[in-house]
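Student: I am new to this structure and would like to know what the labels rest on. Could we go through them one at a time?

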Amino acid sequence: MRVTMLGTGAAFVDPDRAQSGILVTLDNGTHYMFDCGAGTTHNMVRANINPADVGVVFLTHLHHDHICDFPLFVITSWMWDRPNASVVLGPKGTKHFVDHLFEGGAYDSDFRARSAYPLRQGNLDAIRPDVREVSPGLVYEDDNVKIFCDFVEHIPREISECFGIRLEAEGKVIAFSGDTAPCEAMVKLAKDADVLFHECTFPESFIEFRSKSGAGTHAHTPPTALGKIAVEANVKRLVATHFGHFESTNQVIHKVGRHHMPVDEMGPHVMDEVVRDIRRSYDGPLQMAYDLLRIDV
Ligand SMILES: [Zn+2]
Ligand SMILES: [Zn+2]
């Protein structure tokens with residue numbers, strides 16, 4: 001299988017990274033998408049993959065940087081002749097989110113205008129996703145894959161459940177953390193995985209700043225902890241992703257980021273600090289993800 005990083009940024013609009021999204025493509029060409037943050041549909045097309053060919057989407061949680069592009073993904077798939085409904089897996093609240101988007105929802109005018117064309121009436125199912133709210137365990141299975149999930153620790157569960165994922169296909173295992181603080185559930189999901197894709201939103205020094213500024217800290221995994229997770233889970237390869245803009249040189253991000261981050265310390269050199277801290281315990285293959293990075297598993 002091949003994994004394409006559709007987006008490797010976090011909650012800010014970052015000119016250098018789309019928001020969260022990962023695409024898994026099996027050797028037989030079947031695609032499975034995990035998260036759908038802003039910019040991920042554009043990157044999918046950049047990778048020469050038609051959104052209409054992606055049949056299964058898993059939303060790990062309902063933070064905007066993981067779901068922003070979902071309307072674009074669905075409407076584009078409809079316009080580009082997806083023949084049937086996509087399957088959408090997600091936490092409690094996913095149905096509410098999707099039900100308020102298309103017919104009778106935020107994009108109702110677009111739906112009514114576009115569905116007036118006979119051409120678009122031929123595949124109306126494409127704009128009616130098959131939403132399945134899932135609970136921990138085996139949540140999706142077909143001839144090619146098994147997808148398991150479990151709760152991870154990111155935001156209070158009563159606000160939004162957050163899932164980490166384990167995917168088994170072609171005799172291989174990959175795991176994806178979604179957003180999470182270090183947690184045992186993620187270690188179990190990633191056990192002996194061929195590749196672990198794990199969030200690494202902020203370096204240690206930024207987490208310290210955030211704890212003082214009240215921006216919130218419990219929600220993400222520091223690099224030192226990530227190295228330990230990779231060792232404990234015995235993964236064969238680690239890909240760190242979901243970077244919180246700490247390396248950006250963009251002037252707007254520097255300006256708006258001052259309440260969230262020590263902006264004077266921001267810059268590309270911070271990524272070296274992140275690598276160093278992951279390496280305190282993990283010495284296996286390590287990649288710092290960037291948009292459109294492709295990994296053959
Ligand atoms: Zn996020
Ligand atoms: Zn989040």
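**Labels and their grounds**

Tutor: Start with helix α3, residues 70–79, which is mostly covered, as seven of its ten residues are buried. Keep in mind that this is a predicted model.

Student: Which residues of α3 are the buried ones?

Tutor: They are F70, P71, F73, V74, I75, S77 and W78. Each is called buried because 20 or more other C-beta atoms lie within 10 Å of its own.

Student: What do the buried residues of α3 pack against?

Tutor: They pack against four helices: α1 (40–46), α2 (64–67), α5 (108–114) and α6 (118–121). Just after α3, D81 takes a positive phi of about 70°.

Student: Why is N48 called exposed?

Tutor: N48 has 7 C-beta neighbours inside 10 Å. The cut-off for exposed is 12 or fewer, so N48 counts as exposed. N48 lies in the loop between α1 and β4 (54–58), and its phi is positive, near 65°, though the residue is not glycine.

Student: Why does N234 count as partly exposed?

Tutor: N234 has 13 C-beta neighbours inside 10 Å. Exposed needs 12 or fewer and buried needs 20 or more, so N234 falls in between and counts as partly exposed. N234 is in the loop between α9 (223–233) and β12 (238–241). Its phi is also positive, about 60°, and N234 is not a glycine.

Student: What makes strand β2 mostly covered?

Tutor: Five of the five residues of β2, residues 21–25, are buried. On one side are G21, L23 and T25, on the other I22 and V24, and both faces are covered. In a regular strand the side chains alternate between the two faces of the sheet.

Student: How do you know that β1 and β2 pair?

Tutor: Pairing needs at least two bridges, and β1 (residues 2–7) and β2 have five, so they count as paired, in the antiparallel sense. One of the bridges has V3 with V24 of β2 as its partner.

Student: How many bridges are there between β2 and β3?

Tutor: There are four, and β2 and β3 (residues 31–34) pair in the antiparallel sense. T25 has H31 of β3 as its bridge partner. The two strands form a hairpin with five residues between them, and G29 in the turn has a positive phi of about 95°.

Student: Which strands does β8 pair with?

Tutor: One partner is β7 (residues 137–141), which pairs with β8 (residues 145–151) in the antiparallel sense over four bridges. Y140 stands opposite I147 in β8, and a hairpin of three residues joins β7 to β8. Seven bridges join β8 to β9 (residues 163–169), again antiparallel. D150 has G164 in β9 as its bridge partner.

Student: Which residues have the most contacts inside the largest nonpolar core?

Tutor: They are I22, I165, I174, A175 and L196, in a core of 78 residues. Helix α3 gives the most to this core, with five residues. In soluble globular proteins, nonpolar side chains tend to be buried together.

Student: What is I22 in contact with, leaving aside its neighbours within four places in sequence?

Tutor: I22 is in contact with V3, M5, L6, F34, D35, F176 and F197. They are called contacts because the C-beta atoms of each pair lie within 7 Å.

Definitions and conventions: Residues are numbered from 1 along each chain as its sequence is written. Chains are lettered from A and ligands numbered from 1 in the order in which they are written. This is a predicted model: local features need pLDDT of at least 70, side-chain atom pairs count only at pLDDT 80 or more; totals for chains, interfaces and linings use all residues. Two residues are in contact if their C-beta atoms, placed from the backbone, lie within 7 Å. A nonpolar core is a set of buried Ala, Val, Leu, Ile, Met, Phe, Trp, Tyr and Cys residues joined through C-beta atoms within 7 Å.
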